[in-house]
Amino acid sequence: MTAGGLTVGAEATAAPVRRKRITPVTYLIVVVLAFLVLAAVRTMTGATDLTSSGTVAAALTAAVPIALAGLSGMWAERAGVINIGLEGMMVLGTWGAGFAGYQWGAWAAVFFGLLLGAIGGLLHAVATVTFGVDHIISGVAINLLAPGLALYLSKLYFSDAPGGGQKQSPPTGDVAHITIPGVSDGLGTIEKKEWFFVSDLAGLLRGITTNLSLLTVLAALLIIASWYVLRRTPFGLRLRSCGEAPIAAESLGVNVYRYKYAAVVISGAVVGLGGAILAINSGRFNDGQTGGRGFIGLAAMIFGNWRAGGLTTGAGLFGYTDAMQLRGESAVHALVLLLGIALLVLAVVQFRNRHLVVSGVALVIGAVLVFWFATTDKIPAELVGAAPYVVTILVLALASQRLRPPKADGVPYRRGEGG
Amino acid sequence: MGRFSPRSILLGLAAPIGALIFAALVCSVILGVTGHSPIDTMDAMVDSLTKPRLGPRTFVNSLNSATTYYLAAVAVAIGFRMRLFNIGVNGQYQLAAMVAAALASASWMVGAPSFLRIALTLIAAMLVGAAWAGLAALLKVTRGVSEVISTIMLNAIATSLITFLLSPDRMGAVDPSGNDTRTAKIDVGGQVDGLSYPGTGSKIYGLVFLAVLVGLAYWFVLSRTRFGFELKATGLSEEAAVASGVSVKRMVVYSLLLSGAAAGLVGMPALLGDIYTYSSQNFPSTVGFTGIAVALLGRNHPLGMGVAALLWGLLDNTANSLDVAGVPKEIVAIMQGVIVLSVVVAYELVRRYRVRLEQRDVGRALGTTKAPVNADAEEVPA
Amino acid sequence: MSTHEPTEAATDGATAPLAVELTGITKRFPGVVANSDVNISVRAGTVHALVGENGAGKSTLMKILYGMQRPDEGTIAVDGREVVFHSPADAIEVGIGMVHQHFMLADNLTVLENVVLGAEPRSGLGLDFAAARRKISELSTTYGLGIEPDVLVDELGVGARQRVEILKVLFRGARTLILDEPTAVLVPQEVEELFDNLRDLKAEGLTILFISHKLDEVLSVADDITVMRRGTTVASVVPSEVNSRQLAELMVGSALPVPELRESTVTDRPVLTVDGLTVTAADGRTVLNDLSFTIHAGEVLGIAGVEGNGQAELVEALMGIRALAHGSVRLGALDITRMPTRKRRERGIGYIPEDRHRQGVLLEGTLWENRILGHQTRPPNVRGPLLNRAGARKDTERIVAEYDVRTPGIEVAAAALSGGNQQKLIVGREMSGEPVLLIASHPTRGVDVGAQAAIWEHIRQARANELAVLLISADLDELIGMSDSLRVILRGKLVAEYDPKTVTPEQLGSAMTGAAGEVSTGNGEVA
Amino acid sequence: ACGGSGDDSGNTATPGSGGGTSAAGPKMKVGMAYDIGGRGDQSFNDSAARGLDKVKAQYGLDVKELEATAGESPAQKEDRLRQLADGGYNPIIAVGFAYSESIGKVAKDYPEIHFAIIDDFTEGTDTGDNIANLTFAENEGSFLVGAAAALKSKTHNVGFVGGVNTPLIKKFEAGYTAGAKAVDPSVKVQVKYLTQPPDFGGFNDPGKGETAANGMFDAGADIVYAAAGGSGSGVFKAAKAKGKLGIGVDSDQYNLPALASVKDVIMTSMVKRVDLAVTDFVTSVHDGKFAAGNKVYDLKAGGIEYATSGGKIDDIKTKLEEYKAKIVSGEIKVPAKV
Ligand SMILES: Nc1ncnc2c1ncn2[C@@H]1O[C@H](COP(=O)(O)OP(=O)(O)OP(=O)(O)O)[C@@H](O)[C@H]1O
Ligand SMILES: Nc1ncnc2c1ncn2[C@@H]1O[C@H](COP(=O)(O)OP(=O)(O)OP(=O)(O)O)[C@@H](O)[C@H]1O
Ligand SMILES: [Mg+2]
Ligand SMILES: [Mg+2]
């Protein structure tokens, strides 16, 4: 069995003509329109949590580890190595943060998270690049190994530490949080007015300027840096060429092994950082802390079409719905309406593009959601937690699928055997 | 060169045995470095299989775990065979077990003949598992949604759905202790009797035979039927399969449905043979992921997965003994990870060696192994 | 004809300095000696051609010269100095560039990215896109390559891709160019353009090593020719002293087979009737536009065309892999327009796909499993829903014997067979079960002369038994020799029809590139 | 009552008929099977561990502590108890209701061994002649902290963050709401559970706790009760950032080292004296006074308390004591279900 999966259903492989690229301007227009709809729904339903600064801040915090997991996946897969071991490497990151954090503080925690994640990445690189092991298998093995190792070491190091336990570390400490004083308060006043759009925008801005963790800033910088390095530097070009056409890269003197190693180790470090941030934001390392975020990050990466911007959007969407479901049921209820409206808009768009079936399905689901919203006051508490997952599936199912994984993703490579 | 030549068998054994030895070495090093004695650890593991009372119990528990793991592995393997990654076995089996438990304990079932009740329970579990997997299939063939994402999402959604359904107003029952949310208990008529094993009161799940049956069916379908051939062909080369007239979309739907149906059975041995209720507290909740590891370790092979499931079950069930002996039982998880990794590395190394041998054989058969300096000897057919 | 020992060639050109000298090169692979004591001397500023059968070891030798493979024995000297290459980077360093037999391009990267990869101009940390763009445009105009730097390679046709490959080499300032079968996918006109480019390069003092199976081309462009057979050099000649027939005999050690149909067996019973076939791609482009033709029992219809003009889509549409936007397809009297692939195959359509590794075989499957592929609903492979393994094995033995598949047994994986033997197995399989129609895409591509002759013979025999054949090939000699009638496809349309008895490859080439202008149907005589 | 502080060394303890220990004999062997969190969870299991440590020092016990693995099967829980029993441990304490089924089965096979299970009493499942069920009236303690919250709230708006939506945690919610409403019938109580079973991550995800608490504070609450195990630290973190207050659970969280950085926002804690139950139980076995059946640790028995560390509720202590007295006397019946 080779990794990579079946291509059936994803029509993306066709269409070798010049595709319409979304220009920044259209992108901006779409974003503003979407925000207008959001503001309108907020005004209609009075569910202030839809756009409140608190939601935005919580969404940001929830999104960061997922975005870093996705980013990590992108680093590896851009070089042609599938990394399903993200979850395990993230666990290593959380443990490293717990280990270093309680002894030397939060920034040491960050560093150790990076380091342990990178070691996890190195293991994956040895298995997949040097030994040519199927990428999925190696990833699964790492996902088994890492939590076991973390717990084993926890018993060794944390059991007797003050405030620690067999399955958790003592507190890691936190890094500084920044608030822009005047701005935050001013925006807060506007946010409270509940003016259409203006207050919503204020909430958004306040959410990202108030009590912002430096780690969030670090993550944002890392995403931008990754984009730059992969897209704009020789190193990035060579790395991507290993994921698209390793034999071609080899034929131009690129040492494919070295770049694959670099990519997978960076991948491990990035997701390790995600783990560290998770641990620091929670205050300590905990068994089972990652809770599948590595997998969700992988989903965000696929959602984002193996691109930095896309995966950030995916993680943001996930973080947003997750924050919302934790903050209040009324907002989730309003979310149903929002989703309904979004689907109805999609139905119209798809109808104009003559995708009649998709349009019809979107119409029906959209109508059902709007009806559901209209006839109920709240969503059963048990189901609220599913909101982020349902939204992700719906978005994936109904948005047009133009996914394009790196061509040699998951394909084994050995030097001197190609061509 | 036959598949069963001595050389072939020897090579086949070299990989797993070498890997196990290597894994034992790695774990010894980890134990040694962290101040635990590898020998004592080994002792504790051996003890847990040989001591009176403990030994038979560990064996029975391991066999029971293996039964569950095996079913999960088959469910996973059906997809893997055609490079379809059903990460969602976990959600599928839990949802299926919950609905089946509710059905089996329903009051209108109580009078029915035992055989019928059990059969209905199993069928319901398979249907629910298949339906939940079918959602992922539907999303894939109609919208091209990667089954990796959709099944991860469906796992989480299943969790919410189960809690929703487990409310006493819906499919759940009131728990007398007030500490659990669960379905009503299945009474004796709906249970499957276990098999006694000398030396312990623990019983072997009666449904261990179901696992064997599923394994046989898996083997038969894959290696003896057209469907199995097409599944394998799709896995080896999607494009070749399409060119040969296989409808890959249909195969995706069938194999995910089958995979889901097998997943539906995962919870049944424990449900009908031991726990008798689907409880949010006490029903094993990660078997689907174990199934992935077992399938990979057993290389999707019906017998290989059986061996892998047993090994896994044994390791899992010696964990308590390690703890008692003062060795952190997490070493078991480490061992499992190292085994998976070193087994596949070993297989890969052996595979490379085997390919070289095979090419050499081909070369010999064609007479090109020795470079002929003057090639005029061989003439070209006109 | 005068041939001499390879070493003499060196003395022959003693006047010119040697750009490359390979001495005593030996390279062994598991089970094969790809190169055995090879000696070649290449004079600077010349075009040196390397010819030989499939598997003679040409590509391997060139990969050794390019640092992609390490020789087991022997030495390499460049410009008189001995060198040791550890990777292509070392070879590029001393001014060697190689255009490989198969494209070495990353589809999802732009032309610019493909070209600069590994030799990127930098500004600070980043890649200096402006400088790269400038240099590429410069080279492109100098050599008339017509390359835009910012398009995705994905969007380029084969000709353009070939030029990108050459640009890659020039970009690195190579003084010695290795071109491994650069013309295999080009039509005659494109080949001419390429050769013009080569002459320009030579005029600038560059040295070119050139591999081709098309001996006429070799004779027209080369200054020296080295012939390889079974891993070693057997002769060194100059074009003025040999003709292509002699060269071919040097290559194979005996006379060449020729593709030809002896007498017409065409009947008037239509087997395949295509009417108004139109296919659109996922993005809405029309890739096949209103195609209509009929193939009768005992007739071979050849389709000529530059790759990428809709041949692949046509085959897929006929096989039921791709849906039609309009039009109908009939097999005999039966409308099969909407029939799934399997049913079509059950009705007697055999299929030799263009890319055997991707579509034709399961590389990891055994030979008998490959025998079942595509015939998994028919005896002797199955009984009802069950496989008949014994039946399949037995019939595989038959194919191996009848089609001379060289293999140690039927339990080995198909990957262990050479390409030609894989192809013979596929042909044998598709000829099983008495097909009424055979769709053959490049049936002899990459197959050596012996196997080629065998495959032609099998097609001939089946045709005599009233098989209808749709033949698609890039080898114009094969097309002309094997077809009863010929059509030309260009940009998804059938633009011309020729009688293979009278048409020349040049005429076909013109029509294939659209250079023939108004010639269309008027020029061709209907068969 | 508190565990007697009599002798320091176990060797001088009175020989017990059922305990199987004697002055001259080997040390008494106590087996403890924790739930998933294990020793050091800074919460429920840790409280049991504290009790064990105390009696260990007191009687010089030989103890063996094992803990559960996430996602394990009931058979593995059963095996854990049997290993302890086979190893000669007596008594054996199972911490947490997850052991309910297993302890019932195991106890039947080892009639000479004394068992205790914390937090569960199910007739026919984990009852027997050799099983002591140690349960707590969490609703009563929650009532008091609910009352404290309502008394202290300036916004008439308080919150409840439950870790996982289980009946046990709902019991906390029921008491809390009742207490708050008893003080101020118009008070608004916001309720949120972090996860749904079988996802028990809600007991161990401070991030979720923080988000949920922030939501409540933003919606007007000024005091939030964190009945969420390890996730509580997130609630306190949110409270600290927003200048609000939190209420702890299980132990006196003001004094936990792991929460030192947020202790100043912990108004009080609903203390569940698992340690007391453990010491009581071990002492009873040690003294040969084992009693099977349900022993409820409630306000009256001193098994449930509210913490006063930090002095934030000193001003309302009298009122709380009044409520406490009413509950103890039975004048107020605290609901156990929502
Ligand atoms: N990586 C490899 N491993 C094993 N054998 C190889 C490898 N590469 C080439 N060979 C063998 O070496 C021989 C020479 O191959 P090579 O590709 O050099 O032939 P060629 O002359 O270029 O043929 P063609 O005309 O088909 O391109 C072939 O028989 C092939 O079997
Ligand atoms: N990259 C490779 N890795 C391993 N083996 C290879 C590789 N390339 C070629 N081979 C082996 O070399 C042998 C011949 O391959 P190839 O198709 O190049 O042969 P060939 O002589 O060119 O055949 P044909 O003339 O039919 O094209 C096969 O056994 C094949 O498995
Ligand atoms: Mg070849
Ligand atoms: Mg070649």
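Let me start with one helical stretch: residues 116–139 of chain B are 100% helix and 0% strand, and the end C-alpha atoms of that span lie 34 Å apart. Helices here are DSSP runs of H or I with at least four residues, strands are runs of E with at least two, and both are numbered from the N terminus.

Some ground rules. This is a predicted model, in which local features need pLDDT of at least 70 and side-chain atom pairs count only at pLDDT 80 or more, while totals for chains, interfaces and linings use all residues. Residues are numbered from 1 along each chain as its sequence is written, chains are lettered from A and ligands numbered from 1 in the order in which they are written, and side-chain values use heavy atoms, with hydrogens and water left out.

For 252–272 of chain B, the model has 95% helix and 0% strand, with 31 Å between the end C-alpha atoms.

Next, the domains, whose bounds come from an automatic or database domain assignment. In chain B, domain 1 is 1–36 + 328–382 and domain 2 is 66–318. Their C-alpha centres lie 33 Å apart.

What do these two domains of chain B share? Eight residues of domain 1 are in contact with seven of domain 2, contact being heavy atoms within 4.5 Å. The buried area between them is about 760 Å², with 78% from carbon and sulfur atoms. That area is what two parts lose in accessible area (1.4 Å probe) on being put together, summed over both. On the domain 1 side, Q336(B), V340(B) and Y347(B) lose the most, together 57% of what that side buries. Helix α14 of chain B, residues 331–366, provides the largest share of that side, seven residues. By class, the domain 1 side has seven nonpolar, one polar and no charged residues. Nonpolar covers Ala, Val, Leu, Ile, Met, Phe, Trp, Tyr, Cys and Pro, charged covers Asp, Glu, Lys and Arg, and the others, Gly among them, are polar.

Now chain B against chain D. Here 31 residues of chain B are in contact with 34 of chain D, and about 3000 Å² is buried, 46% of it on carbon and sulfur atoms. N179(B), N282(B) and N320(B) supply 20% of the area on the chain B side, more than any other three residues.

How many salt bridges are there between chain B and chain D? The rule, a side-chain nitrogen of Lys or Arg within 4 Å of a carboxyl oxygen of Asp or Glu, finds five. One of them pairs R57(B) with D86(D), the closest N and O atoms being 3.5 Å apart. On the chain B side, α13(B) gives the most, with six residues. The classes on that side are six nonpolar, 16 polar and nine charged.

Last, the other chains. Five pairs of chains touch, and chains A and B have the most contacts among them. Chains C and D do not touch, their nearest C-alpha atoms being 38 Å apart.
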